[in-house]
Every structure is written in C-alpha cells, then in structure tokens.
Amino acid sequence: MNKFIFLRNKRGQVTIFIIIAILLILAVLLLYFLGFGPEIIAPSDETNPQMFIKNCLEDKLTDTIRAVSLRGGSVNPERYFNYNDIPIGYLCYTNEYEQRCVEQIPLLRAHIQEEIENEIQEDVIVCFNSLKESYESRNYEVQLNSGRTVVEILPNRIITRLNYVLTLKKGQTDRYDSFTIPLSNNLYELIVISQDIIEEEILDGNSNVISLMFLNQGFEIEKNLRDDGTKIYIISEMDTENKFQFASRSLVIPPGY
Amino acid sequence: MKKAINLNFKQSIILILGIFVIISSLNFIKADQAEFYCAEKTINNEWCQMVPIEEVDTSYSYSRTSCEFTEYCSIGTCISVESGSCQTSPKTLCNPEQGGYFNSSEINQIEDCKKGCCILSNGARIVRKIQCTALSRHLNLVYNFIPSINTEAECSAQVASSNLGACIIETNSRRTCYHKTGGECQSSQGEFHEGFLCSNPQLGTGCLMSNRTTCVSGKNEVYFMDSCGNIANVYDFSRRASTLYWSYFPGYGNVELSTGDNLGNIRNPRHGYCDYTKGSTCARYDVLKDGLQAKPALGNYVCRNLNCRKSPLTGNLERKHGESWCSKPLEYFENAKPGDVSYLLYCYNGEVKYELCDHYRNSLCYEERTGTGANAISSAGCILNKWQECFGQDEERFCLGSDKKCSVVPTNEYPTNANTFILTEDATSKGITLSAGTEVQCIPKYPPGLKFWEAEPIIPSAVLDNLKNLELNSELSSICDISSDVCKVQYYRKSSGWLPWGTSVRCEGNNCLCIGLKDEDRIYNNDRGKQENLNNDWVIYQNDICTLTADCGGYSNTNPNPNFLDISGIFHFLEFAASSGRGGWGKVMAREGWWARRAHGTVDFTCKPWQPILGGEDCSKCNGQLFPCTEYQCRSLGKACQFIQGDSDNPLCIYIDDEDVIPPIINEREESLIEDYVYKEIHSPTSRKLGVEIEYTQSEDGCLPAFEPFSFGIELDKLGYCKFDYERTEDFDEMEFTFGNEDRNTFALNYTQTFSLPGVKHVQEEYESEETDAYEYGSLEEIEEFESIMELIRPSLHLNGEYEVYVRCKSLNNAYNIEEFMFKFCMEDQDDITPPIIRGFDWQNESPLAFFGEGETRKINVKVYINKPSQCKWSLEDKTYESMENSLNCQGEDEIFNNHLAYFCDGELTGLENNQENDFYFRCNSSFGVMNSESKRLTLIGTTPLDITSISPNVTTVKSGTSPVTVPLEVRTYAGYQNGVATCQYSSSGNPGTYSTFSNTNSQQHSTNLYLEEGSYGYHIRCYDNAGNSKTGVVSFNVETDTSPPIVIRVYREANNLKIITNEEATCVYSNVINTGCMYNFEDGQTMTRTSSNKIHSTSWDYRKIFYIKCKDEFENQPYGAGSGGCSIIIKPFEFE
C-alpha cells in the first residue's frame, strides 16, 4: 500500500510539475506578448555621436534658417515692415523723402551666420548634455569639453561646426574632435543677389529685377511696392523652397497734397 | 563814481516791451526751425538717419549736422574678404569683428571691388574681384579674373570648350569610361582620348548609343546619354544613329552641332538645341505644360517654351521670355484720373509678372516696341514722373526740355497770375497743336496722384523750391492751390447805389466772368441772388487747369464723360448775391470741387483736391481685378470705401458701415459643388431656412459615396470669417474648425470646404473590429473602458452615416449669427463600388537608386498610399490587376499622407536595373472587390557606382615650417548620381561613428584642413551621393616640421668666388657693412647666387670685406634674431689669405 501511495504520489508530483511547467511557459509567453519581456534594444543613433547630434539639431537649424531667411536676415529684426504677419527687416532704409537709402546690414552673410549661431546655442547645449547622459547611462566614461559653434554659409550648403571634444572610454577610448552638420541650402547665392539689389537701391533708388533675373538664372525676384514707399523683395530659388526676403526704402517721392 | 542808469517810466516800458519782443521772436524763430540731427542710431533702431532730437538714441553718437559730415556715418565701402563682398555703407556699420574693413572711397574706385569676368572650372560670370577670390576659396576651385571683360556674353565665351574627352580607367579587368578633361583623367590615372566620346567604337569601352536624353545642370540644351550614363552630344533625332555623332565631341572628327530651327527649338520633339535667349530651356516633358505635339521622339526631355501665352495680362499678345510692357500706354496718363496707376509687366519663364511703378503716379511705365510682325518685341521700364519741376516755369526751354516731363496749356487770353511764356515754335499739348506765339503756362504732362483723403499736407520740397518766386508759395494749402487764380470783375449798374435783389447790372471791361459778353448785355440779379446770363468760360477753363495739376478740381472719375456744367448735385451754378454797392462784395459758391468768391472787382477761383463721390457702392469694383487693389484706387471709388488687409497678399476694398451690427447672411454656394452633387433646402416648420442637405444625384438615396472627396461652400452678403463644427455650440468662439481650410482669419465673401469620409459599412467594420478586439482579448477593465469611451464618442463616429455641419460667420464689426447654418448629408450605406485611388508612394517619382553590385539583391521596400482599405499588386509591365504577379501587404492601417488621411500597403520591389529607368505599375482592389482599370506608375532611376578619382595629399611627406602643420585633405568624386556630386567624410580610425564631414563637400570636389603635429597619418575616406552610392578610400602621409634655419656646413674659395654649402635648400644674402654687422633685414641683403641644388651659394671673393651672411629655407626659417640681428655665418676672407 505504501508503495502504491508512493507511486500515486510520484505520479501526482509529476503531474504537478508538468502543470507548473505549463503555467510557467504560459506566464512567460503572456509576459512577452504583453510587453514585459526583455527589451529589444534596436540600433539607435546614440551609438553614433555624430548622427545623434545631427538628428538632434537638424530640425532646429532648418527652422532657424527658414526664419532668418523670411525676416531679412535676422531672427528678430529691430527695424522691420510687417507683411503677411511676418516682420521683414530693412536692409536699406531712409526715413526721408527723395533720398537714397542707407545700408543697414552691410556684412549680411556674417550677420546671418551670427544670428543662427546665437539662436541654436541653447539647443546645442541641450543636445550635448543628452548625448553625454545617454553614454553615461551605458557605463561609458565621458569627457565633454565645450567649444564654439560656427555656422558657415557656403555655395549650395550651410555647414555648422560644433567644436566640442567628446571622449568616450569603455575599454577602448574614442575621441571626437568636432561635430559637423552640413545642410543643403543655397542661402549663399540668395545673399549675393540681395546685396546686388541693395547696391542698386543705394545708387539708383530702385533695382531692375528683370536684368537681375537674367543674370541669375534659376532664381526669381519679386518686388512688392508698399504704400509708404517700402519695397519688399522676395528672392526664390526655382525648384526648391529656398527663399530670402527683405525690405528696402529708398528714393520715395511723396504724394503731393 | 558809478553813474546810475535812471530810466523814466516810458523808457522802462519800452525796454520791457523790447525785451519781450526779442524773447518772443527768439522763441518764434526756435519753434519755426526744425532741428534735425544725424543720429548714429535712432530709437526706432534705424542707422544713420536725420531725425529730431527726441528720436535720437543718445547712447550712440549724434550731431546737428548732415550725416555726410560726420565721422561715424560717413559713407564709404565696407569690404569683407571672407564673404567676398563690397557694399556702400556708413562707417559705423562696417564691423571689423565681423570681418569688415572700411574704405572711404566709393565702391567703383576700389580695385578689389571692380567687376570683371571670374572664370572657375565650373563656369564663368561677372562678379567683383573680391567675390571671385571668395568663390574660388569656398568652392575650392582655381580661378582666373579678367577685369577688362564686363559683359556676360564675353565672359561665358571665355570658358573654353575645355579639352573634354574619353577617359578610360582599367580596374579589375574592366574598362570603364567617363567624359573628363585631360587634367582630371590624369589625376585618375586613366587613358585620355581628347575629343572622343566614350561611345566611340574605336575605344572598345562597351558604352553604346542609346535613346536616353537628359538635362544638364548649368546648360540649357537637351543631351543624349550613352548606355554608360555619360553625357554625349545635344539631342538631334536625325543623328540618333550616326556613328560619327556618337564618336566625337563637337569640334573634333568633323562633328559640328546643329542648332535645329534656330529659334530655340521650342517644343520641337526632334531637337534639343534649346536657347534661353530665344525663350527655351531643357525640361522633362509634361503633356500639360508642353502639349501633345511636343512629346519627344526619343527620351523624356524637350525644349520648354518660356514665352507667355496670350491673355488679358499680356494685352492679348504672345509675349517672349524677357519681354516687358506697360499696363497702359504712357499717353494715357496725360489725362489720368484719380485711382489711375501704372504697372510694368514682364514675361519670365512662361509666367507673366508685374510691378507697380508707383502708388501715386510719381513713376510711370514707359514702353518701346521694336521689330515687326512675329519679331516685334516690347521693352519697358518705370521712369520718374518729375511733375514737381513743372510748376512756376517761365521759360520754354525748361518747361519743354528733352526730358518731356511737362506740358503747356494756352492761357486763351484769360487773365492769370500764373507764370506764362510765349511759344517760340509750335508745340503739341493734350493732342492739340499750339502755334508759335501762343501764350502758355507750364503744367505737368502726367498729373500726379494725391492722398486726397488725408488731412496733413506734405508738399514736396522740389515744388516749394520751384515756386519760391510765386506769391502763392507761402500760402499753399495743397499742391492744387498752385492752380488757384484770381481775376477781376467789374460790374456796373445803371444807377449808383446798392445792388438789391432783383436789380440788374452790366458787365464792363476785361471781366473774367463776362468774357464774350457785350457791354450792353444784361446780367440779372434775381431775387434769390442767382446770377443769370453770366459767362462761365473762365471758371471752366480754370477748372480744366485745376484738373491737370494733379488729383484736383471738380469732376467725377466714375462718369466716363464728365461735363462740368452737367454734374448736378456736386456743383452749383455760380450764385451771385450782391449785398452792397461800392466796396460790396458777392459770394459765388459751389458745393464741392471748387469755391469761387466774387468780390467787387475780383473773383477768386480756388483749386482744391479732388474728392470722390459719397457712399461706397463702388468699393468692391477694386477687388478681383488683374492687379491687387491699392489704397489709392480704393479710396477713389467712394468716400466710404475702406482699405483692409493692405499688408497682406489679399488686400480688399470694402464699405464699412459702422452702424451695421447685422451679421453676414449665410447661403449655400452653388459653385463650390462638384458635378453630381446638389443642395436641397431645409426649412423649419415655420418655413424658416435652416440650411441645406447635400445630395449625390447618382445614388438612389442621395447619400454620398465613400472616400470620394466632395466640396460644399457658403456665400455671404458681406465680408465674413467663418467657422464650423459637427455639434451645436453656444457661440462663435466655441466652434472648433475654420471653414474653408484656411489657416489665417482672413475675411472673404465666399468659402469652400472639402471632405472625404468613409461610408457606413467602412465605419461599422472598423468599429466592429475594435469591439471584437476589446471583448475577445481585453480584460474586464479594458472592456469597461472601451464601453465608456464608446458612449462618449459614439455620436461622433456617425455609425449611421448621418452628418450635420454647423456654420457661423463673423463680420468685420464682430457681429456673428446666433443660429447656425446647417449642412446635412449622409454617407452611403452600401458596398463600395468605386475603385481605390492610389494617392502616392513613399518614394518620389524618378528618385535615384544606389547601384546594385554583382551578387547584390536588387530590391527595395515601397509603401503605396490609397484612399480606402484595399489590396494592391504590382508588376514590371502594365497589365490587369489579376495578371499582376506581385502582391503587397495591406493591413488596413492609415497614416496622414499629403495632409489627407490615407491607407497604405507595403512590400518589396524587385527586378531593379542599374543605370536605367525602372518602371513599376501598381493596381489595387478595394475591399468590395472593385479593381483599378488603369495602373499607377512609379519610376525609379538606377545609377552608376560613385567613384573617387583622387585623394590628396598624394605625396609621402608634407612639410611645413610651422607647427601644427596645416594639411589640406582633398578628394574628387565622379559618376554615381549627378555626375559625382556627393558628401564625403574622413576618419583616422575608420571605425563607424568616427567620421567627420569635410568642410567643403556636397559637390564633386571636397576639402577640409587638418592641423597635425609631426608624425605619420592615415585617413579613411568615405563618400556617398543622394542615391546612396558610396565609395571609400584611404590616404597616408607623413608630416614633418622644419623650424630650424639652414646651417652652413662648409665654406671655401673656388677661383674668385666665395662659396658656402647649406645643409638644406636655402636662399642666402649677405652684407658687408661692419657698423650694422648682422643687424640688417633679410630683404635688404645682397643675394648670393645659387646652384640648381639650392644648397651651394656663391659670391665674389673679396679679402678686404667681412661677409655677414643670412640663409633662410622655404619655410622662412632664418637665424635667430632675423630681421634685426643674427647671421648664419660671418666670413672674414682675409683670415683665409
């Protein structure tokens, strides 16, 4: 009888073990499908600091470039004409009648570069801090030396160089001396055309947009005369969305009364 | 003893009064003179402006003088070498910290700022010299600047046809061929055949003729492409199979280019010699833009017409690209009416564009037309209307000078106080010929416009200057006042005494109101004070002068034939009400336009600014014209017209009645409906209109088809801004959506709204699926949550397909309708019998694809967006849905695609080929079994591999005299997509994530500077283009620094020469001056002769002298104290004797 009981118990134990095993398997499956399983770490941009910084800053850069392009080269222009709810900065201005305008931003390219650098600075710091934290959370020894942010507007592209030095140590040491974000944008040419227009405004009080368009095939120039004598110039690159606009007020003849 | 100054009372008073007068006059003088300062910066953030003191930003410089006389605002040229710019600018803004350098000379006097022809390897253009050097630096290209060339045509001609040829590169027993210059081919270590095309059979490259054509960046023509993807000669159908044409570049092997029809080959399907100056350029064929006739016989590119078609804007003429013309001829403005303005129009790239010359006719469009027939072309521009200089002119040569800004009117012998002169020769004015000897006065030829609605007068200084001789000058209340005048009248009556009502008087003498009347004619002064029988000719004449001055005088600009005497309601006839005899005066009144006062002996005619008619019934005429409405035009249409949204793209001229508190009345808009849709009015039981029901005429129950975009709209009786919602709301602000898909709250008279909604079956299916998921797979809590959410949102799901859209509109006065206007409709409750619509793909059509290497699987992923849940297939051929071989995965999920909700299917596309266009055809089958009968095509372009043709430094050692050494790292790329345009990066380790992008990249040349210490270096280069082709390379080199000056290792005499040998190549100089010894500048020394090795240096032997010798190497390393001391060696030849 004891043997029978033993045998019965043994079968019972096996049964219990089988049930437990099935339950365990079910539990694991349930956990997995409900999302509590081991996390699958997909390859992310954080493994590549260059890509991380690029992805982190690209949108902000693009938005800033678009904003300064629509506002006459400044993020917040000090002297502007409001058109279509956009404050468009004056690049050449006179408050008088019958006088030619005075150039307001002669070093336009350098000015725009500075405006972009200043505008993205906060985001640069945030992005690098995020990068640092992401590596530290993965047990890297991280050394980050901050540096200058330099934006350079060149033919067909805008290069943003972040002279930060990042050193990562985990077993081997990797050092990144600088970070570069190139963007495809022909703001360079738009600036050159704008300066040609301004020079004509200063010399003649007006510009000949038809001639300028023929000299610069691939670009359209629109001149919009406002009631107070301000001209809004809109220079667009054909087949792209690149656009630069600014205001000018020169050689305005008042309506006699 | 001091003498007391005693004043008596009278003297004291006089003194006090005198002081008072002086003080007052001082104040008067001070108040009278406007004090303007040259402000470096104003409080309005303007630089270098003349402003009153209160507008000066006193934290910057300012002075009470003209800006040109200040140092900070003096005008010169601001030069930036880095940017390559020269700009005329005030000194204060030329910031050295931004790289600016100020030169006080004018821009055209500065050598570096002069323009000339800048030749770079990628083209030539006219730019300033400084800009040329900057471009060459930024593009990393060698440049050549020719200052004597100043026209684009001459400059373009400088770009040599460049010795292009076939460059054959052997790699891994493959012979690949590219078209390159000799220099580029050499860098790639290829075999160069000048003038040969790669498709030349003699070369055996495997590159063959093809039917493919393409456009080339920077060029206007359509080009053939060979089978290897190289750009060959200009597309010429007649030579498509000519071996010669496919063997050589033009100018070689007797191959010459044909220009086709010599007219730019506009829409010519058989020739690609486009000509921009004739109005054509290369473009991808588009049947809508180019027309069926232009479909190219080969390839997909054609010379697109850049000219402009006939339209009202073109004056119903076809206009050529670059042609310009005027909206109205200049002559029209000789009789300009208020509101008339002049536009310059021009044709550019197939579109008509326009430019307003001036808001108030201070500038007008002038046009010249040359040529005849089809070759006739107009050229126009805005010219200044210098009307200010016409007033007060009393000399014929100034009035009728060559600039033709003025005209004349005869005085007609009327008495006048205006300046007049006698014509010495015949003149034409307003179409009338005036003969020599006629007395005339000078007036503007093209009267200017005025801001006649404003109270503050601004009389241009040029006018005041010209009128300084006229007595009226100081009393001018407006420009029109210039044409005011006075004349004498003289009446007499039979007996002396008063002139009571009912008596008659007689005219006498040269009486401007009586001209033409005989002395004995009677003028009756009736009992209402009205004059009868007066001659108004002088007044009419004066009014004509008045209207020719500017927007002055009395006339109507909406009546095409205004007749002064017939304009009742605005003018009265002259009224004479004499009140006394001697010294008495009468008053002659008109209500608007002019006011004449007749006094005993004089009549004053006062010319006043023109005024529009009362009311605003015509305001809307300004909107919806060819050109946007301006404030000037708007105001001229009625006194009550107002101009709104002026600083936007949608200005409007409206009539605002301030007392109008009635909201806009909303009605449905028929024009917004598309075909097969109708409205049916909905009325309340009391017959009040509540809205409309939208019905689809092609369905039995009128319900709308699922997923078919439909539109409906509203029209208002006055300008309004409208919103809508699916639920009833308390007020306008509560409504959620803007009607008409507008982002801004602009006002309009009508709006259209577009929807695209699922049918009942689709919504129910979706809902049931969610319900099933919840009940079958969810926990109890999840089910409860589902039910509570459903209870909330079920009404908005429109499970029964019924929709109600409520609309409200707000007027300019903020009045909105309390009761909404309702649109009601239902969506179909039946199986969907319309085929799916493929809205697009996640690939742009004609996107490039990376080159597929041997053994690589040629497939890509694709997503197809459709308007409703469907199954989709694809094939390499255009065939029926059932025959298509490949299926896509369609899960019934949706995304936003092109701002619309869309469903998608995804899958893989296979069978891709390199270096050709790959066409894929797609069709879909809806969930109700309705299939597409036509395919949607997606074209993807296969490319060639990207190639790195050179990497430098290509030397073993880079040497410099400084540390760290600047090493320029340069790469050239070729082939791939866009002929080698790529992005390149470099890394010292080659590990992923360690690559840095070149400073100058995204082109075919790439460069960046490295700053390295001495040592050995190696870099991994990788480049990739927009198609995803990539190429890698490596470069290694040593860096050495040489900071030591040369050492003299041997001194000897050879014949009569003193010779020294240095340990490295050097330049040596010497001095014999004992007093200075080694303390002389290198440049001041006498150069020693060098041998070809540059290590042996000699000079004449002279035992009487001491030689203080300095030697420097190529890195300018000199002995310590160079420049003011230090020698490499001091030689005393006498010690050798």
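## A salt bridge between the chains

A salt bridge is a side-chain nitrogen of Lys or Arg within 4 Å of a carboxyl oxygen of Asp or Glu. In this predicted model, B:Arg125 and A:Glu189 form one, with their closest N and O atoms 2.9 Å apart. B:Arg125 lies in strand β8 (residues 123–128) of chain B, and A:Glu189 lies in helix α4 (residues 187–204) of chain A, so the pair joins two chains.

A:Glu189 has 11% and counts as buried.

## The interface of chains A and B

Chain A brings 63 residues into contact with 82 residues of chain B. The size of an interface is often given as the accessible area lost when the parts come together. Between chain A and chain B, about 6300 Å² is buried. Carbon and sulfur atoms give 49% of that area.

Eight salt bridges are counted between chain A and chain B. The bridge from A:Glu189 to B:Arg125, at 2.9 Å from N to O, has one partner in each chain. A network of salt bridges also links A:Arg109, B:Glu82 and B:Arg137.

Side chains of opposite charge can pair when their charged atoms come close. Over all chains, the structure holds 47 salt bridges. Two pairs in chain B show what such bridges connect.

Take B:Arg64 and B:Glu35, whose side chains meet at 3.6 Å, N to O. B:Arg64 lies in the loop between β3 (62–63) and β4 (75–80) of chain B. B:Glu35 lies in the loop between α1 (9–32) and β1 (37–41) of chain B. The pair therefore ties together parts that are 29 residues apart in sequence. B:Arg64 is exposed, with a relative accessible area of 52%. B:Glu35 is partly exposed, at 29%.

Now take B:Glu846 and B:Arg284. Their side chains meet in a salt bridge of 2.3 Å, N to O. This pair links distant parts of the chain, 562 residues apart. B:Glu846 sits in the loop between β45 (838–841) and β46 (847–849) of chain B. B:Arg284 sits in strand β16 (residues 280–284) of chain B. B:Glu846 has a relative accessible area of 21% and is partly exposed. B:Arg284, at 24%, also counts as partly exposed.

## Chain B as a whole

Chain B has 1137 residues, and 47% of them are buried. Its secondary structure comprises eleven helices and 69 strands. The accessible surface of chain B comes to about 58400 Å², and 48% of it belongs to carbon and sulfur atoms.

How much of the contact in chain B, counted at a separation of 6 or more, comes from residues 24 or more positions apart? Such residues account for 57% of those contacts.

Strands of a sheet pair through backbone hydrogen bonds, either parallel or antiparallel. One open sheet in chain B has four strands in the order β62-β63-β67-β66, with antiparallel pairing. Which strands stand at the edges? They are β62 (1048–1054) and β66 (1089–1090) of chain B. Each has a single partner strand, so one side of each is left without a neighbour in the sheet.

Strand β63 (residues 1057–1062) and strand β67 (residues 1096–1100) of chain B run antiparallel and are joined by five bridges. B:Leu1058 stands opposite B:Thr1099 in β67(B).

## An enclosed helix

Helix α2 (residues 129–139) of chain B has eleven residues, and eight of them are buried, so the helix is largely enclosed by the rest of the structure. The buried residues are B:Ile130, B:Gln131, B:Cys132, B:Ala134, B:Leu135, B:Ser136, B:His138 and B:Leu139. B:Asn140 follows α2(B), and its phi is positive, near 60 degrees.

## A nonpolar patch on chain A

Chain A carries a nonpolar patch on the surface, with about 720 Å² of accessible area in total. It is formed by A:Val14, A:Ile18, A:Ile19, A:Ile22, A:Leu23, A:Ile25, A:Leu26 and A:Leu29. One of these residues, A:Ile19, lies in helix α1 (residues 2–33) of chain A. A:Ile19 has 45% relative accessibility and counts as partly exposed.

Key
Residues numbered from 1 in each chain as written. Chains lettered and ligands numbered in written order. Predicted model: local features only at pLDDT ≥ 70, side-chain atom pairs only at ≥ 80, totals over all residues. Heavy atoms only, no water. Pairing = 2+ DSSP bridges. Buried < 20%, exposed > 50% of the residue type's maximum accessible area, 1.4 Å probe, protein only. Patch = residues over 30% accessible without salt bridge, like charges linked within 9 Å, V, L, I, M, F, W, Y side chains within 5 Å. Areas by Shrake-Rupley, 256 points an atom, 1.4 Å probe, with all protein chains shown as cover. Contact = heavy atoms within 4.5 Å. Buried area = accessible area lost by both parts, 1.4 Å probe.
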